[in-house]
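Visitor: I am new to this structure and would like to learn how to read its features. Please take them one at a time.

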Amino acid sequence: MPVSSDLRALLKQYFGFESFRPLQEEIIRDALAGKDILALLPTGGGKSLCFQLPALARDGLTVVVSPLIALMKDQVDALTASGVPATFLNSSLKADESRARLRGLHNGEYRLLYAAPERLMLSGMLDDLQRWRVNQFAIDEAHCISEWGHDFRPEYRQIAQLRERFPQVPFMALTATATERVREDIAEQLKLRDPARYVASFNRPNLTYRVSAKAGAYGQVLDFLRAHPRDSGIIYCQARKTTESLAEKLRADGIKAAPYHAEVAKEERSGNQEGFLRDEIRVICATIAFGMGINKPNVRFVIHYDLPKNIEGYYQETGRAGRDGLPSECVLLFSAGDVQKHLGFIAEKPPSEAAIAREQLNQMVHYAECSGCRRVELLAYFGEGSEEENCGACDNCLTPRATFDGTVAAQKFMSCVYRIRQAGSFGVGLNHIIEVLTGAQSERVLKWGHQKLTTYGIGHEHTRSEWAAIGRELIRLGFLRQTTDKFPVVELTDAGRAVLTARTKVTLTKPVTAPEKVVSHVGEIACDELLFEKLRRLRKELADARAVPSYIIFSDVALRQMARLYPKTEAEFSRISGVGVSKLRDFGAQFLEEVAAHLRVNPKQIFADTSFTQKPSAPQRGKLTETIVATLHYWRGGRTVDEIARLRDVKPTTIYGHLADAVDAGEPFDLNQVMTADQQTRAAKAFYQFGWSNLTGVKESLPDIDYGPLRLFRAVKQRQ
């Protein structure tokens, strides 16, 4: 087995990287040792390299089971551009193309073969595999084999037969999204033998999560896109018709957009996807049919126009943003109406499936309406803890929602649940409780005599939607529980009964609202923007000539490094991220000449010691929310952060978040009020080392400085 230096030499030669990402090297070593492996790495975490590099480090063929034709072509194009002998077999190939590739496989010309599970299980194909010296089966998107996964595909169940036919060949199962239950099911279905298990952190620190109440959804989307004029992204919709109407409206407003769903003609669908990958289409409006395995690294935002069905799907879809590690936005538009639509679809499922679907939907609604850190909520769902209570990169941490004394409302709601149960010895659903509280004269209320209850009509101070939000929060707080039956019933818990009896104070959070304005926290590597645009045009020309997406040539990260470092020699160019031997040979001269030509007529720019910074902009003041204005009022009145936190009954980290948002909006701030000169010097060095998006890494290197001052320091420096 190659020593560490040999693996790193292969890594640099073919992929252009100097070091491995977390867990990659350990997985590769176990693969080369012939072990079965179950690896769960987040989107953008480098799953593919875990089987691609071992394929180059030994003789024989690695067979990759892949669910989508687009994914196969995408990965093979990228590997070929890097000098890796790889191919795929699927229905998109003409007969003569398939024959040519089969000849190459018979002659041992390839190290990697991508194929769909149904193709591999053909009898003739199985016979060929035995002749091709297969040294490993890599099962990509392995969660597709589990009925408990969010994207179950029956054809994946056939893969287990490969174990019987090739008992000595090790298996590697990889996925980005799987709960503990799904992981166990993958291992069982694939008959993995004492697999080495690797579970990386689910945390994507470069993603900012936001949830907004739907209020004129198209206008909200259009405002967002206009605030991010250079960025491309995906808008996920529940219905196929919505993708088409949304794309049509966006095109009418001058935004290059296209729809993608299963009923779009195959040729048009492929064209839209290809246009998006090549940066010719800026926005894809899609159903969940789009995205699995799409390796476009510079997706800067993902918007959920409708509520996803479950957290696993939501996590995977948001994970398509920021695969290059640069900060990116994830926005979810939430409305109770979407919940009812999902419940209508769920009612048509068989009882066992419906119960699972309702439970998953409840978890999704809980995430959308929670008042705590959204990152903590996501990590907890996948069984991962978080030491940070305030991530500084979600709406709840950046601008916490206001709370209010909800004791009276809670008492009324829980009393109504109690009285209904007492009167009829049966429970009812959330909507019926709200009907009783608001004095509705519906058929069921009158039929069951609930207009005679003492709680009938006592809730006129709140609207039906407000009562619904209150009821859902009481469920989240554990004072009520909701069954997952076909007709879910709301019941009082022991904790709720205790609160009701003792009249304990209950603090509730105001519902999610539509934002006052779109705030962008997306940053980029500071560079010569004019040169960056020239390099982008060159990249596009080279990509078009090869009929591949632009990022196959170089990523945005690589181009920004070139436009920052101005490489003059091949040695300097080879130090750019993603430049391996093949890309240096194929593209080095053209990009070096573009840099040199630029410098002949433009001065070299000097950049501060920062890895990331926001896009240059005039210091215009944005609109501040009421809660930030209140914090600024106290701060300018001479109060300390701790004093303001006590006055406003929040944590100091929240106050620091308010101040950072004020800086983002253009408010002046003197860092000397919160950090010493030495702390500022050390913070600047740490951010340079770890990058301006990696607040956790900076904090770990500076244990004597809290997150709050560091977040504020970053905001001030980025604004400057």
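Visitor: Across which strands does helix α15 lie?

Guide: Helices (H or I, at least four residues) and strands (E, at least two) are DSSP runs, numbered from the N terminus. Axes are lines fitted to C-alpha atoms, for helices over the stretch in contact, and angles run from 0 to 180 degrees between N-to-C directions. Contact means heavy atoms within 4.5 Å. Here helix α15 (residues 351-369) lies across β8 and β13, at about 110° to β13. Helix α12 (residues 266-277) lies across β9 (232-236), β10, β11 (283-286) and β12, and runs at about 135° to β10.

Visitor: What kind of model is this?

Guide: The model is predicted: local features need pLDDT of at least 70, side-chain atom pairs count only at pLDDT 80 or more, and totals for chains, interfaces and linings use all residues. Residues are numbered from 1 along each chain as its sequence is written, and side-chain values use heavy atoms, with hydrogens and water left out.

Visitor: In what order do the strands of the open sheet come?

Guide: Two strands pair if DSSP finds at least two bridges between them. In this sheet, 6 strands follow the order β8-β13-β12-β9-β11-β10, with parallel pairing. Its edge strands, β8 (207-213) and β10 (257-260), each pair on one side only. From one strand to the next, the twist averages 15°. Within the sheet, 4 bridges join β12 (residues 299-304) to β13 (residues 328-334), and His304 stands opposite Leu332 in β13.

Visitor: Is strand β2 buried or exposed?

Guide: Buried means under 20% relative accessible area, exposed over 50%, partly exposed in between (1.4 Å probe, protein chains only). In strand β2 (residues 61-65), 5 of the 5 residues are buried, so the strand is largely enclosed by the rest of the structure.

Visitor: Which residues lie on each side of β2?

Guide: In a regular strand the side chains alternate between the two faces of the sheet. For β2, Leu61, Val63 and Val65 are on one side and Thr62 and Val64 on the other, all of them buried. Strand β2 is joined by 5 bridges to β5 (residues 134-139), running parallel, and the partner of Val63 there is Phe137. Another 4 bridges join β2 to β4 (residues 112-115), also parallel, where Val65 has Ala115 as its partner.

Visitor: At what angle do helices α23 and α27 pack?

Guide: Angles under 35 degrees count as roughly parallel, over 145 as roughly antiparallel, 65 to 115 as roughly perpendicular and the rest as oblique. Helix α23 (residues 529-546) packs against helix α27 (residues 581-601) at about 150°, with the axes 10 Å apart. The two are therefore roughly antiparallel.

Visitor: Which residues make that contact?

Guide: Among them are Leu531, Leu535 and Arg539 of α23, and Phe587, Phe591 and Val595 of α27. By class there are 8 nonpolar, 2 polar and 5 charged residues; Ala, Val, Leu, Ile, Met, Phe, Trp, Tyr, Cys and Pro count as nonpolar, Asp, Glu, Lys and Arg as charged, and the others, Gly among them, as polar.

Visitor: Where is Ala547 found?

Guide: Ala547 is in the loop between α23 and α24 (550-553). Its phi is positive, about 60°, although Ala547 is not a glycine. With 38% relative accessibility, Ala547 counts as partly exposed.

Visitor: What phi does Arg503 have?

Guide: Arg503 has a positive phi of about 50°, and it is not a glycine. Arg503 lies in the loop between α22 (494-502) and β17 (507-509), and it is exposed, with a relative accessible area of 63%.
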